[in-house]
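Dear colleague,

Please find below the sequence and structure that I am handing over to you. My findings follow directly after them.

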Amino acid sequence: MTRDLTIAEVRLTPILVADPPLLNTQGVHQPYTPRLIVEVVTADGTTGLGETYGDTKYLELARPFADRLVGRRVSDLNGLFTVAQEVAVDASRVSGQVDVGGLRGVQTADKLRLSVVSAFEVACLDALGRALGLPVHALLGGKVRDAVEYSAYLFYKWAGHPEGVPAEKDDWGAALDPAGIVAQARVFKERYGFGSFKLKGGVFPPDEEIAAVRALAEAFPGHPLRLDPNGAWSVETSLRVAEELGDVLEYLEDPALGTPAMAEVAARLRDAPGRGAGGRRAGVPLATNMCVTTFAEIEEAFTRGAVQVVLSDHHYWGGLRNTQHLAAICRAFGVGVSMHSNTHLGISLAAMTHVAATVPDLHHACDSHYPWQSEDVLTERIAFDGGTVRVPDAPGLGVELDRDRLDRLHRRWLDDDGALRDRDDAAAMRVADPAWVTPAVPRW
């Protein structure tokens with residue numbers, strides 16, 4: 001029987017998902033964060049799922065993009081990028097704007113388009129896999145591992161959102177000092193079996209965050225550790241922290257902002273006395289998800305030796321196949337690859353797992369916010385076993401949409417007055433501290 005895989009309908013459902021009060025250099029997470037769920041429905045009734053950011057600027061692109069897909073085939077994945085270029089981007093969304101939610105520097109029209117394309121590409125792959133009876137990883141060339149390792153994502157955190165702010169309760173408690181971070185890490189290990197730990201830094205002065213990492217190293221000897229201050233430090237501060245923690249860090253992520261600063265940090269680490277022989281880079285590797293987020297940014301970063309690990313993100317790069325292309329380029333340059341994470345649900349985690357299963361040289365555990373999200377739109381939450389997610393072999397992504405849960409989270413979005421439809425960590429911080437201003441970079 002021949003399947004009609006023409007796209008007959010595209011459903012877009014913006015939702016608001018509960019988020020704990022996690023701190024970062026920009027501020028604090030709002031009580032709810034916007035996500036967009038994409039459903040691509042073929043003429044024969046097959047439905048594929050995708051997920052991406054749900055802020056207004058993404059919805060403005062997703063709606064006309066969805067209209068243009070009707071009548072195309074779900075297998076026309078290359079055509080998605082052509083269609084994206086046909087959709088105009090409001091200049092006010094990109095002129096001088098910074099992508100605060102994704103923390104990846106200056107916003108551009110192409111970055112916005114790629115973040116929208118990513119959800120539709122995943123949905124098309126899901127639909128195609130369901131129709132053909134194949135898992136998404138098979139459509140990407142086949143898996144090279146049966147499970148994908150993830151890292152615990154530690155945050156400095158308030159016990160709850162500010163008084164008077166409607167929010168869901170969580171059972172994590174506060175984490176505002178080294179002891180709190182270690183306690184949080186123990187919960188991650190006990191609940192999910194994570195074997196590596198990443199701390200979101202840039203919140204407190206560097207010496208406090210150095211102490212937190214040292215406390216983790218003492219509590220979890222031999223476990224890979226990472227620190228990510230989101231570009232909050234100067235070159236000199238970055239060098240000092242790298243020297244202080246070089247013996248325990250797996251890598252230091254975006255200590256300074258931008259490729260030139262990262263290149264200077266890397267070069268000075270490499271050239272420091274006693275730091276290696278034969279011109280080889282020594283000391284703690286530098287990783288990024290901020291200065292290498294598009295293909296156009298690769299050349300400068302790699303030729304200048306600014307980064308040794310790229311944290312890919314299929315939402316940034318335009319989908320799963322572009323993630324594979326990125327991994328191949330990293331392999332050619334001898335640069336490591338792993339995965340970045342922002343607040344996401346199970347559809348995105350499933351997509352991450354499928355593509356990660358196909359990347360040969362994935363030597364670092366991937367990031368995931370998923371344990372922080374108490375809500376999902378799936379019929380069954382994706383489980384971590386020993387810090388890993390098993391790679392599904394069911395057709396498509398191997399996950400199913402719970403429409404009642406989707407409708408409930410969409411009603412929350414409909415009931416919102418617009419204050420939470422665009423992520424704004426600085427605005428959330430001003431609820432607790434009216435004088436808060438997003439710190440200038442470098443902060444320290």
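In this predicted model, helices H1 and H3 cross in a right-handed manner. Their axes come within 10 Å, with a crossing angle of roughly 55 degrees.

On the H1 side, the contact is made by Lys57, Tyr58, Leu61, Ala62, Phe65, Ala66 and Leu69. These residues meet Leu112, Arg113, Ser115, Val116, Val117 and Phe120 of H3. By class, the contact of H1 with H3 consists of ten nonpolar residues, one polar residue and two charged residues.

The second topic is the sheet. Three strands make up an open, antiparallel sheet, arranged in the order E1-E4-E5. Strand E1 (7–18) and strand E5 (47–53) are the edge strands, each pairing on one side only. On average, and with direction ignored, neighbouring strands are turned by 20 degrees against each other. Seven antiparallel bridges link E5 to strand E4, which covers residues 32–42. Within this pairing, arginine 35 has tyrosine 53 in E5 as its bridge partner.

Helix H13 (residues 403–415) touches E1 and E4, and its direction makes about 65 degrees with that of E1.

Yours sincerely

Notes. Residues are numbered from 1 along each chain as its sequence is written. This is a predicted model: local features need pLDDT of at least 70, side-chain atom pairs count only at pLDDT 80 or more; totals for chains, interfaces and linings use all residues. Side-chain values use heavy atoms; hydrogens and water are left out. Two strands pair if DSSP finds at least two bridges between them. Helices (H or I, at least four residues) and strands (E, at least two) are DSSP runs, numbered from the N terminus. Axes are lines fitted to C-alpha atoms, for helices over the stretch in contact, and angles run from 0 to 180 degrees between N-to-C directions. Contact means heavy atoms within 4.5 Å. A crossing is left-handed if the near helix is turned anticlockwise from the far one by less than a right angle, and right-handed if clockwise. Ala, Val, Leu, Ile, Met, Phe, Trp, Tyr, Cys and Pro count as nonpolar, Asp, Glu, Lys and Arg as charged, and the others, Gly among them, as polar.
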